[in-house]
Amino acid sequence: MHEDDIQIAAFCTRLAHYESLEMTFDLTNAPATFQCVIYRVLRPYLRRFVLVFFDDILVYSETWEEHLIQLKQVLTTLHQHQFNVNRKKCHFGRKEVHYLGHIISKTRVQIDSRKIQAITQ
């Protein structure tokens with residue numbers, strides 16, 4: 001969060017005054033702002049080997065060696081722009097991923113049946 005905006009997002013309770021140093025997604029324009037920033041940061045890689053939807057970043061590659069190089073580029077770029085990656089939420093080296101309601105593999109993209117289960121039943 002920009003230093004000038006910390007006071008704007010601050011709030012008080014009967015116990016204390018709180019100031020967030022990071023932009024929280026409950027602020028009105030936070031998701032859109034975050035999306036714009038992350039697109040700007042990762043622009044050189046978008047649609048070459050990276051897809052982004054808010055904080056879901058997908059790095060895809062033809063080979064394992066290429067993947068390691070591209071993954072390092074993405075993580076280094078995020079670090080340089082002071083973004084932190086939560087390792088508990090990351091999945092590395094997958095041959096198949098669930099991403100935005102789809103199952104993506106090297107050979108195909110298909111709809112995740114769990115996402116349409118309510119409709120089919």
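**Where two helices cross**

Guide: Helix α2 passes helix α3 in a right-handed crossing, meaning that the near helix is turned clockwise from the far one by less than a right angle. This is a predicted model, in which local features need pLDDT of at least 70 and side-chain atom pairs count only at pLDDT 80 or more, while totals for chains, interfaces and linings use all residues. Residues are numbered from 1 along each chain as its sequence is written, and side-chain values use heavy atoms, leaving out hydrogens and water.

With helices taken as DSSP runs (H or I, at least four residues) numbered from the N terminus, α2 covers residues 30-42 and α3 covers residues 64-80, and the two pack at an angle of about 125° with their axes 10 Å apart.

Where they meet, Ile38, Val41 and Leu42 come from α2, and Val74, Thr77 and Leu78 come from α3. Of the residues in this contact between α2 and α3, five are nonpolar, one is polar and none is charged.

Helix α3 also holds Gln70, which is buried, with a relative accessible area of 11% (buried means under 20%, with a 1.4 Å probe and protein chains only). Apart from its neighbours within four places in sequence, Gln70 is in contact (heavy atoms within 4.5 Å) with Phe49, Val59, Tyr60 and Ser61.

Conventions
Axes fitted to C-alpha atoms, helices over the stretch in contact; angles between N-to-C directions. Nonpolar A, V, L, I, M, F, W, Y, C, P; charged D, E, K, R; others polar. Buried < 20%, exposed > 50% of the residue type's maximum accessible area, 1.4 Å probe, protein only.
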